[in-house]
Amino acid sequence: MSNTARNKTGSGRLASMLLPLFLSTGLALHQAPVLATPSDEVQAMNKDQALTEKQLSIIPIAAFTATGDLVKLNEALVQGLDAGLAVNDIKEILVQLYAYAGFPRSLNALGEFMKVVNDRKQRGIQDEVGSEPGAIPVGEELLAQGTANQTKLSGAPVTGALFDFAPAIGVYLKTHLFGDIFARDNLDWQSRELATVGALAALSGVDSQLQSHLRISMNVGISKEQLGQVADVLSEQVDADAAQRTRAALDRHLGVSQG
């Protein structure tokens, strides 16, 4: 293995350890302003279009993964499969969430999902497997891809005092979160953002990250009305506090008075 490959591998490992800690600080991940396009055009198309049952089923899966409630997660996983999520869709969601909830919660959730899949197979239920991701770039190409993904999702290049203070975290976010994870193309970005919002809403002390990802959700075409549906699902199936945090963060993003 070359020195460059070793360095990238080391960066990925360190990123996996630091991302959950970084998210728990309450500092915003994304400092960039919102761009009017193309989000506004997509929002206009989606305004009157409700999220599908499959999309909505992602929310409790993400929330219970983040909180570590395996009993409720088991029910949510079954609901997700019944709603049409493929096995590989859910695997992607649970793997991605280690970056937001930590490896222990992600591994526990994957273990619970393995039980669910095996149980359904034994009962003769044939769930759709889904697709595998395409090839992921490495080295400098990974950094370039991750930077492009981060910029597109955020609406502008991500800069700020935090990244000047600790430049390494910006590199890890670009190469690992937005590179290694968001470059995996077998799960669309709307689904990834719904999972991220569901997880962050379930956690306390990460309101700024939640608000950032509500903005990113709108940047990838999820309307404010659809995000209202997300809050409703959180209220009905997860926790009233999670729903309240989501509605409050959405209001802040939209500039609605909290009066």
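Helices (H or I, at least four residues) and strands (E, at least two) are taken here as DSSP runs, numbered from the N terminus. On that basis, the elements of the protein run α-α-α-α-α-α-α-α-α-α-α-α-α-α from the N terminus on, giving 14 helices and zero strands.

A word on provenance: this is a predicted model, in which local features need pLDDT of at least 70 and side-chain atom pairs count only at pLDDT 80 or more, while totals for chains, interfaces and linings use all residues. Residues are numbered from 1 along each chain as its sequence is written, and side-chain values use heavy atoms, with hydrogens and water left out.

**The fold as a whole**

Of the 259 residues of the protein, 48% count as buried; buried means under 20% relative accessible area, exposed over 50%, and partly exposed in between, with a 1.4 Å probe and protein chains only. Contact here means heavy atoms within 4.5 Å. Among the contacts in the protein with a separation of 6 or more, 78% come from residues 24 or more positions apart.

Two packed helices are described by the angle between their axes and the distance between the axes. Axes are lines fitted to C-alpha atoms, for helices over the stretch in contact, and angles run from 0 to 180 degrees between N-to-C directions. Angles under 35 degrees count as roughly parallel, over 145 as roughly antiparallel, 65 to 115 as roughly perpendicular, and the rest as oblique.

| Helix pair | Angle | Axis distance |
|---|---|---|
| Helix 3 (residues 53-67) and helix 11 | roughly 40 degrees | within 7 Å |
| Helix 8 (residues 139-154) and helix 10 (residues 167-181) | about 70 degrees | 7 Å |
| Helix 11 (residues 189-202) and helix 12 (residues 207-219) | about 160 degrees | 9 Å |

Let's take helix 11 and helix 12 to begin with. They pack at an angle of about 160 degrees, and that makes helix 11 roughly antiparallel to helix 12. Helix 11 passes helix 12 in a left-handed crossing; a crossing is left-handed if the near helix is turned anticlockwise from the far one by less than a right angle, and right-handed if clockwise. On the helix 11 side, Glu193, Thr196, Val197, Leu200 and Ala201 take part, and they meet Gln209, Leu210, His213, Leu214, Ile216 and Ser217 in helix 12. These residues divide into six nonpolar, four polar and one charged, where Ala, Val, Leu, Ile, Met, Phe, Trp, Tyr, Cys and Pro count as nonpolar, Asp, Glu, Lys and Arg as charged, and the others, Gly among them, as polar.

Helix 11 also packs with helix 3, where the axes cross at roughly 40 degrees. That makes helix 3 oblique to helix 11, and their crossing is right-handed. Helix 3 contributes Gln55, Ile58, Ile59, Ala62, Ala63, Ala66 and Thr67, while helix 11 brings Gln190, Ser191, Leu194, Ala195, Gly198, Ala199 and Ala202. By class, this contact has nine nonpolar, five polar and no charged residues.

For helix 8 and helix 10, the angle is about 70 degrees, and that makes helix 8 roughly perpendicular to helix 10. Leu142, Leu143, Gln145, Gly146, Thr147, Asn149, Gln150 and Leu153 of helix 8 make the contact with Leu173, Lys174, Thr175, Phe178, Gly179 and Asp180 of helix 10. The classes here are five nonpolar, seven polar and two charged residues.

**Some individual residues**

Isoleucine 59 sits in helix 3 and counts as buried, at 0% relative accessibility. Leaving aside its neighbours within four places in sequence, isoleucine 59 is in contact with Leu194, Gly198, Val230, Val233 and Leu234. Its C-alpha atom is 8.8 Å from that of valine 238, 179 residues apart along the chain.

Serine 106 has its place in helix 7 (residues 103-122) and is buried too, with a relative accessible area of 3%. Beyond neighbours within four places in sequence, serine 106 is in contact with Leu94, Val95 and Tyr98. The C-alpha atoms of serine 106 and threonine 65, 41 residues apart along the chain, are separated by 6.7 Å.

Glutamine 226, in helix 13 (residues 224-238), counts as buried at 5% relative accessibility. A polar atom of the glutamine 226 side chain lies 2.9 Å from the backbone nitrogen of serine 223.

Lysine 72, found in helix 4 (residues 70-83), is partly exposed, with a relative accessible area of 38%. The C-alpha atoms of lysine 72 and proline 60 are separated by 8.5 Å, with the two residues 12 apart along the chain.

How values were computed. A polar contact is a pair of N or O atoms within 3.5 Å; within protein, one must be able to donate a hydrogen and the other to accept it, and residues adjacent in sequence count only if both atoms are side-chain atoms.
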